Amino acid sequence: MKAIAINQYGSAEVLQLIDVDQPTPNPGQIKVKVEAASINPVDWKIRQGRLKIITGNRFPRILGSDLAGEVVACGSQITRFKLGDAIYAFINPIQAGAYAEYAVMPERIACLKPKNLTYVQAAAAPLAATTALQALRDQGQLQSGQTVLINGAAGGVGIFAVQIAKAMGATVTGVCSAQKIELVKGLGCDRVIDYSHEDFTQAPERYDLIFDAVSKQSFSRCKPVLKPNGVYVNTLPSPSGLLQNLITGLTPGKKSKFVLAQSNSSDLDYLKSLFESEQLRSVIDRTFPLAETATAHIYSETERAAGKLVIIVTNQD
Ligand SMILES: NC(=O)c1ccc[n+]([C@@H]2O[C@H](COP(=O)([O-])OP(=O)(O)OC[C@H]3O[C@@H](n4cnc5c(N)ncnc54)[C@H](OP(=O)(O)O)[C@@H]3O)[C@@H](O)[C@H]2O)c1
């Protein structure tokens, strides 16, 4: 099969189209013919070697955590899927393997594809939407009627966070650049702040939850605009941020937290119900053929994408 893999860490040039044997599912795993995969920043962070301490030096390494496709083989002990099922899945980035014509994964991290989504729309969602859900619901403990601010509302995680927060009954403020205002408004934000004209950390509004989806702010900057028991959640841990989380976890008042998305089928099931009831949609900035994955990485690294970048994995033969 064709796949995009790296044989060393480095710039986007190390992404190569290779021929490898198709993977075989172990017990508890399904094999999927991948129709589409999406790009997440963790893919290029792994490619650059920034997670080398965990990913080691085992090459070739096929990247990609998000996919949608069709089940073509089942290992033993598979109970939830059958051949021909259309699924979407979020594979742990350390295992990865989505930039390929075929991938295997545990059935516990896959879910039937939302019926009203194309494969491209479905592949855009798993990692980013799961992150948004777990940040708002689990770390932020968001309740209906609360006020939430999403920083980075136009990014892969942000587009889903805005919509999920609305579906949870919150009043939502989105923060983005001027070019993305109409996009973010269209996702259902009650208010949109253009960060080049207004610094929300200096404004009079107060929030129950600030989800810093792009981790461009900090707890100390956001603390003054949190309500008395408000929570700040970000997506990138720093040593000082982790210390802050520990301290605020032990003391009453405002909290600083970090989300580390965990793939599981029950959250994908919940997201499926939001897609099918049209409370959630994917926003796709661009699609790329598998062979042009390096171009997609270069674009993702600009941190300017509006929503998601999706790789269309067609049969290359
Ligand atoms: N911990 C986890 O489990 C986890 C999971 C997923 C993602 N992440 C991390 O979360 C971050 C965001 O991921 P993503 O997929 O959303 O990335 P992304 O799609 O690449 O984010 C791009 C967006 O960031 C926005 N942005 C850039 N600078 C900004 C700023 N100063 N203020 C507000 N918005 C800004 C851009 O909008 P404008 O052009 O409008 O500025 C753009 O739309 C990445 O660092 C990723 O690695 C962590």
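I began with strand E3 (residues 29–38), which runs antiparallel to strand E5 (residues 66–74) and is joined to E5 by 8 bridges. I take helices (H or I, at least four residues) and strands (E, at least two) as DSSP runs, numbered from the N terminus. Two strands count as paired if DSSP finds at least two bridges between them. Within E5, Glu-70 is the bridge partner of Lys-33. Glu-70 also stands opposite Ala-86 in E6. Strand E6 (residues 86–90) is antiparallel to E5, with 5 bridges joining the two.

Notes on the source. This is a predicted model, where local features need pLDDT of at least 70, side-chain atom pairs count only at pLDDT 80 or more, and totals for chains, interfaces and linings use all residues. Residues are numbered from 1 along each chain as its sequence is written.

**Overall**

I looked up the element count: the protein has 10 helices and 16 strands. Along the principal axes, the C-alpha atoms fill a box of roughly 60 × 40 × 40 Å. I then checked the radius of gyration, taken over C-alpha atoms, against the globule rule of 2.2 Å times the number of residues to the power 0.38. For 317 residues a compact globule would come out near 20 Å, and the protein has 19 Å, which agrees.

For burial I used C-beta atoms placed from the backbone: a residue is buried if 20 or more other C-beta atoms lie within 10 Å of its own, exposed if 12 or fewer, and partly exposed in between. Buried residues are 50% of the 317. Contact means that the C-beta atoms of two residues, placed from the backbone, lie within 7 Å. Of the contacts between residues at least 6 apart in sequence, 69% join residues at least 24 apart.

**The parallel sheet**

I traced an open sheet of 6 strands with parallel pairing, in the order E11-E10-E9-E12-E13-E14. Strand E11 (191–194) and strand E14 (255–258) are at the edges with a single partner strand each, so one side of each has no neighbour in the sheet. On average, neighbouring strands here are turned by 20° against each other, direction ignored.

Helix H5 (residues 156–167) packs on this sheet and touches strand E9 (147–151), strand E10 (171–176) and E12; the direction of H5 makes about 170° with that of E9. For such angles, axes are lines fitted to C-alpha atoms, for helices over the stretch in contact, and values run from 0 to 180 degrees between N-to-C directions.

Ile-210 has Tyr-232 as its bridge partner in E13. Pro-228 also lies in E13. Pro-228 counts as exposed because it has 9 C-beta neighbours inside 10 Å. From Pro-228 to Pro-252, 24 residues along the chain, the C-alpha separation is 9.6 Å.

**The antiparallel sheet**

I found an open sheet of 3 strands in the order E2-E1-E4, with antiparallel pairing. Strand E2 (15–19) and strand E4 (61–62) are the edge strands, each pairing on one side only. Strand E1 (residues 2–6) and E4 run antiparallel, joined by 2 bridges. Ala-5 has Ile-62 as its bridge partner in E4.

I looked at helix H4 (residues 126–139) and helix H9 (residues 265–276), which pack at about 95° with their axes 10 Å apart. H4 and H9 are therefore roughly perpendicular, the class for 65 to 115 degrees. H4 contributes Pro-126, Ala-129, Thr-130, Leu-133 and Gln-134 to the contact, and H9 contributes Asp-267, Leu-268, Tyr-270 and Leu-271. By type, these residues are 6 nonpolar, 2 polar and 1 charged; Ala, Val, Leu, Ile, Met, Phe, Trp, Tyr, Cys and Pro count as nonpolar, Asp, Glu, Lys and Arg as charged, and the others, Gly among them, as polar.

Most residues other than glycine have a negative phi, and most peptide bonds are trans. I listed the following cases.

- The Phe-59 to Pro-60 peptide bond is cis, with omega near -5°. Pro-60 is in the loop between helix H2 (52–55) and E4.
- Ser-215 has a positive phi, near 50°. Ser-215 sits in the loop between E12 and helix H7 (219–222), and is partly exposed, with 17 other C-beta atoms within 10 Å.
- Glu-303 has a positive phi, near 60°. Glu-303 is in the loop between helix H10 (293–301) and strand E16 (308–312), and counts as exposed with 11 C-beta neighbours inside 10 Å.

Methods:
Parallel < 35°, antiparallel > 145°, perpendicular 65-115°, else oblique.
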